[in-house]
Amino acid sequence: MLWLLSFCCALVGLAIGSFLNVVIWRVPRGESVVSPPSHCPQCDHAIRQRDNVPVLSWVLLRGRCRDCGHRISVRYPAVELATAILFGVVAWRFGADWQLPAYLYLAAISVALTLIDIDVKRLPDRIVLPSYGVAAGLLLLPAILDDSWGSLLRAIVSGAVLFAGYFLLAFINPRGMGFGDVKLAGVLGIYLGWLGWGVLLIGAFGGFLLGGVFGLALMLAGRAGRKTAIPFGPFMLAAAMVAVLVGEQIVDAYRGMFQI
C-alpha cells in the first residue's frame with residue numbers, strides 16, 4: 001500500500017503547495033500568512049473558494065483572475081505541483097514511518113526557502129529559526145517510539161557541526177556566504193545527521209558541488225562573473241533533499257566501489 005500512502009501525501013502536498021505560495025509572497029514582506037485571505041494583487045478581489053483549488057483552478061481560469069482578467073503567474077501551479085511530487089517521493093522513501101512527518105516538513109520549507117532566496121536573496125528567520133524546534137520535536141517522536149536515541153543524538157551533533165562549519169566559512173569570507181545560510185545549515189544538519197554520517201557528508205558537500213557547477217555554467221555562458229552574487233540556499237536545500245532521498249544508496253555504492 002506504499003503507492004496509496006504516496007498518493008495521499010501528494011494530495012496533501014497540493015494543498016500545502018497552495019499555502020506555500022502565500023508564504024513565499026508574504027513572509028519576505030513581513031505580512032501575515034493568514035490574514036487577509038488570498039486576493040488578486042491587481043484588483044484586490046478575494047479569491048473565491050472554487051477558484052482556490054490547487055492547479056485545477058488555474059487551468060480552468062486559463063491563468064487569469066476571474067474578476068479583472070489579470071494574468072496569474074504559472075509559478076503558482078508549478079509550486080503546487082512541485083510540492084505534491086516532493087511529498088509523494090518523500091512518502092515513498094520513508095513509508096508509514098514515524099520519521100515521515102519530519103521529512104515532509106523539510107520538503108515543504110525547502111520549496112518555500114528556495115523560491116524566497118531566489119526572489120529576495122535571503123532566508124527569513126520566520127521560517128528558519130522555528131524549524132529547529134519543529135525538527136527536534138518531530139524527530140523526538142520516532143526517537144521515543146522506535147528507541148532511536150542514537151539517531152537523535154547524532155542529529156543534534158550534526159546540526160551543531162554543520163552550523164559551526166558554515167559559521168567559520170561566513171567568518172572567513174562574509175561576502176561569500178550570508179548568515180542565513182549558516183542558520184539554515186544547522187537545520188539541515190539535524191535532518192541529515194538523523195539518517196547517518198554518510199548522508200550528512202553527501203548533503204553538506206553536495207551543496208558546494210551544485211553551487212560550483214551552476215556558477216561555472218553561468219560564467220561560461222557569460223551571464224555571471226567571479227564576483228556575481230548567487231543565492232546559495234537553493235543549492236544547500238537541493239543537495240539535502242537528494243541526500244535524504246538517495247544518500248544511503250550513494251554511500252552503499254561508494255563503499256562497494258572501494259570495498260569499504
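I took helices (H or I, at least four residues) and strands (E, at least two) as DSSP runs, numbered from the N terminus. The model is a predicted one, where local features need pLDDT of at least 70, side-chain atom pairs count only at pLDDT 80 or more, and totals for chains, interfaces and linings use all residues. Residues are numbered from 1 along each chain as its sequence is written, and side-chain values use heavy atoms, with hydrogens and water left out.

I looked up the aromatic pairs, in which rings of Phe, Tyr and Trp (its six-membered ring) have centres within 6.5 Å, with planes under 30 degrees apart counted as stacked, over 60 as edge-to-face and the rest as tilted. I found 10 aromatic pairs in the structure. One of them is the stacked pair of phenylalanine 163 and phenylalanine 167, at 6.4 Å centre to centre with 15 degrees between the planes. Both residues lie in helix α6 (residues 149-172), 4 residues apart, which is about one turn of the helix.

I then noted that phenylalanine 163 also pairs edge-to-face with phenylalanine 179, at 6.3 Å centre to centre and 85 degrees between the planes. Because phenylalanine 163 lies in helix α6 and phenylalanine 179 in helix α7 (residues 179-195), this pair ties together parts that are 16 residues apart in sequence.

Elsewhere I noted one aromatic cluster, formed by Tyr166, Phe208, Phe214, Phe232 and Phe235.

Last, I checked for charges over rings (NZ of Lys or CZ of Arg within 6 Å of the ring centre and within 35 degrees of the ring normal). The charged end of arginine 29 sits over the ring of tryptophan 25, 3.5 Å from its centre, and arginine 93 lies over the face of phenylalanine 94, at 4.3 Å from the ring centre.
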